[in-house]
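Open the model in your viewer and keep the sequence panel beside it. This tour tells you what to select next and what is there.

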Amino acid sequence: TSANEMGHMTLAVTDAPGLDFDKAFVTIKELRIHQLDSAGSEDGGWHRFTLPEPVTVDLASLNNGAMANVFNDVTLPVGNYKQIRIVLADSDDALTASAQAKGLQTNNEIQYSAAGATKVAPLEIAYPIQGITLLGNFSVSTDKTLRLLVDFDIGHDIVRFRHGGQDGFTMKPILHYFDLDAAGAIVGQVDTSACAALSTPCTDFVIKAESTGDSGSAVRRVVRATSVKPDGSFVLYPVPAG
């Protein structure tokens with residue numbers, strides 16, 4: 001491919017529900033892209049895109065089809081890429097303007113309920129300078145913009161621990177992604193009147209879409225999950241076409 005040919009990519013983030021947290025904030029500051037899935041953080045060949053100002057998003061709010069557009073126009077040489085890294089601000093760094101605007105105490109923060117009160121704790125990110133790795137096949141062409149949606153899963157990837165008698169939280173993310181030009185949605189409704197006799201309201205349910213896997217296989221893999229809105233509606237978006 002000619003080095004003069006350039007293509008475009010956008011990147012947004014979304015999440016599956018995490019019922020253990022009221023809010024889960026992360027502050028994103030940089031995107032790195034490489035053509036090799038084996039490239040280390042200090043190797044050459046990375047394409048780096050630093051945001052003019054870091055962006056703080058509440059992952060806990062990004063379900064039911066919600067997403068946060070973070071990188072709106074990334075220009076890359078045409079070709080195939082194998083690795084993406086999303087770099088977060090360190091929780092120990094000075095508070096960014098975006099985190100400050102949301103009233104946070106640290107750049108990455110968990111807000112949760114305990115004993116009837118709202119509590120706050122830093123979200124620790126291991127080696128944030130190296131970025132969170134996402135492996136896949138990302139094809140950048142001249143004829144259309146590659147629209148990626150990166151899926152976190154705070155319900156499984158944020159781990160609570162005890163330190164000095166206090167709750168602490170760390171993130172061990174396993175990211176997934178969707179090409180939005182090859183994805184669809186499942187929209188549904190729960191009859192909330194059927195929950196009247198239950199001790200747990202309908203809004204505490206989680207809706208999951210499972211892949212049937214290979215023909216004849218009994219294995220089912222959850223590909224998307226979401227919560228139920230107060231009116232009983234839910235949106236599983238995106239899900240892979242098929």
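This is a predicted model: local features need pLDDT of at least 70, side-chain atom pairs count only at pLDDT 80 or more; totals for chains, interfaces and linings use all residues.

Residues are numbered from 1 along each chain as its sequence is written, and side-chain values use heavy atoms, with hydrogens and water left out.

**Stop 1: confidence.** Colour by pLDDT, the predictor's confidence in each residue, from 0 to 100. The chain averages 90, and 96% of the residues score at least 70. Now select helix 1 (residues 97-101): confidence is highest here, at 97. Strand 15 (residues 221-227) has the lowest, at a mean of 87. Helices (H or I, at least four residues) and strands (E, at least two) are DSSP runs, numbered from the N terminus.

Stop 2: Two strands pair if DSSP finds at least two bridges between them. Zoom in on strand 1 (residues 6-16), which pairs with strand 4 in the antiparallel sense over seven bridges. Pick M9: its bridge partner in strand 4 is V74.

**Stop 3: backbone features.** Go to Y237 and P238. A cis peptide bond joins them, with omega about -5 degrees. P238 lies in strand 16 (residues 233-240).

Next, select N64, in the loop between strand 3 (47-58) and strand 4. N64 is not a glycine, yet its phi is positive, about 60 degrees. Is N64 buried or exposed? N64 is buried, at 13% relative accessibility. Buried means under 20% relative accessible area, exposed over 50%, partly exposed in between (1.4 Å probe, protein chains only).

Move to Y127, in the loop between strand 7 (117-125) and strand 8 (132-140). Y127 also has a positive phi, about 50 degrees. Y127 is exposed, with a relative accessible area of 63%.

**Stop 4: the largest pocket.** A pocket is an open set of points on a 1 Å grid over the protein atoms alone, where a 1.4 Å probe fits, with protein on both sides within 12 Å along at least five of seven lines; lining residues have an atom within 4 Å of a point. Select A16, D151, D153, V222 and V223, which lie nearest the centre among the 22 lining residues. Strand 15 gives the most to the lining, with five residues.
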